[in-house]
Amino acid sequence: MAGFGEAIRDRMATLAASGLRRQLRCVEVAAGPQIRVEGRWLLNFASNDYLGLANHAAVRGAAEESARAWGAGAGAARLLGGSVAVHHELEARLAAFKGTEAALVFATGYQAAIGSVPTLVGAGDVVAIDKRVHACLVDAARLSGAQLRVYAHNDLDRLESILRWADGRGGAKSGGRGLGRGGGQVLIVTESVFSMDGDTAPLREMVELKDRYGAWLMVDEAHATGLYGERRRGLAEAAGVADRIEVQMGTLGKALGAAGGFIAGSRLLVEYLVNRARGFIFSTAPVPAAVGAAAAAVAIVEGEEGGQRCRVLWERVAEFERGRRGEVIEGRVEEGATGRVNPGGAIRPVIVGGESEAMAVAAALLALGLYVPAVRYPTVPRGAARLRITLTAAHSAGQVGQLLEALEAVGLT
Ligand SMILES: *Cc1c(COP(=O)(O)O)cnc(C)c1O
């Protein structure tokens, strides 16, 4: 045991020395635009609750109602009797919202990723992923056993060269026979709005490419669901290519304010995942409270109130942009500045560079009463540490003003 403690202590010391040690902060009130940490009230610019639905009365009420009706837990995995009506209702609602034949809910977005990718591809196949995709997609690709090919962020030429290379290998393109995978299939995996940069993938071009090469496309809309497109289905809707994407992933814990992840697509895809996705089969069904809350949140997002909340969010974003004197955020992104930065996005990264410097700036903001997280390696590349500011519809114009003043006060003008 002594050896164990020593080994872990050494590792922690290494982390601390590189400015990479992390610590949990206990938030003493329900998370919203203002949070209390160690008795201090702070303005919170760290939340992905973009529409302010996590504390919406109807969403909270639906969680309570669902817990009352269906219990604190579903009691078993979906295939073992845990598949209660709220799950089916949410999936029907999600499919209608996304405009797909079907949807499948997982307890978390992470699980949706590691549940689905290894089910679709395996050894003998290829997964092509953007260098900046979320850790869960990287883990999912690794877990699949398929050959992992990483292309530079949003770099269509590099992506095409991977597709050409895979094509040259003479892949069967059959998508595998029988229950097997490994037919030489290529699965492209990207986010639509990237979580740490707030920029967007060129979905239209990617769809063209994958069709040309017979590849499949999986798009994680974690940061776009509820925010983009006429019906707020996500960026794929806004780009007009939703019905050409094989696998649409989303999360329920960001703009939808609840918890969970989902895959939306064809009925066949969902049926296949129910049969084969280990992350789905061997895990207890999502808790009824979260499922009920998510269904209520989808109803709000679909309705007039969803549109209204989006408008408020984009107003806050515009106020922030104006306050930054029209400064283009992309100019601050050191590598791959070619990214399609969405000037209207709710994620506003301010690149600081060094890990320790980013921590110092975040600490200075904290002293001024603002909680803005410093994001470091391995969440973002080394030397690209940043403040990841997120704006939400729950912020007031005055709070955005306070943020702008504080950024100026710590020298980030
Ligand atoms: C947050 C996030 C996930 C994981 O979703 P959880 O529900 O938090 O597990 C997946 N993909 C992206 C891009 C995310 O930002």
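Trainee: At what angle do helix α12 and helix α14 pack, and how far apart are their axes?

Mentor: Happy to start there, and do keep in mind that this is a predicted model. Helix α12 covers residues 304–323 and helix α14 covers residues 397–409. They pack at an angle of about 30°, with their axes 10 Å apart.

Trainee: Are α12 and α14 roughly parallel or roughly antiparallel?

Mentor: Angles under 35 degrees count as roughly parallel. The angle here is about 30°, so α12 and α14 are roughly parallel.

Trainee: What is the handedness of their crossing, and which residues make the contact?

Mentor: The crossing of α12 and α14 is right-handed. From α14, the contact uses Ala397, Val400, Leu403, Leu404 and Leu407. From α12, it uses Arg316, Glu319, Phe320 and Gly323.

Trainee: How many residues of that contact are nonpolar?

Mentor: Good one to ask. The contact of α12 with α14 includes 2 charged residues and 1 polar residue. The nonpolar residues number 6.

Trainee: Let's step back to the whole chain. What is its radius of gyration?

Mentor: The chain has 14 helices and 15 strands. For 413 residues the globule rule gives 22 Å, and the chain comes close to that, so it is as compact as a globular protein of that length. Its radius of gyration is 22 Å.

Trainee: Which percentage of the residues is buried?

Mentor: Here a residue counts as buried at under 20% relative accessible area. Of the 413 residues in the chain, the buried ones make up 53%.

How values were computed: Residues are numbered from 1 along each chain as its sequence is written. This is a predicted model: local features need pLDDT of at least 70, side-chain atom pairs count only at pLDDT 80 or more; totals for chains, interfaces and linings use all residues. Side-chain values use heavy atoms; hydrogens and water are left out. Axes are lines fitted to C-alpha atoms, for helices over the stretch in contact, and angles run from 0 to 180 degrees between N-to-C directions. Helices (H or I, at least four residues) and strands (E, at least two) are DSSP runs, numbered from the N terminus. Angles under 35 degrees count as roughly parallel, over 145 as roughly antiparallel, 65 to 115 as roughly perpendicular and the rest as oblique. A crossing is left-handed if the near helix is turned anticlockwise from the far one by less than a right angle, and right-handed if clockwise. Contact means heavy atoms within 4.5 Å. Ala, Val, Leu, Ile, Met, Phe, Trp, Tyr, Cys and Pro count as nonpolar, Asp, Glu, Lys and Arg as charged, and the others, Gly among them, as polar. The radius of gyration is taken over C-alpha atoms; the globule rule is 2.2 Å times the number of residues to the power 0.38. Buried means under 20% relative accessible area, exposed over 50%, partly exposed in between (1.4 Å probe, protein chains only).
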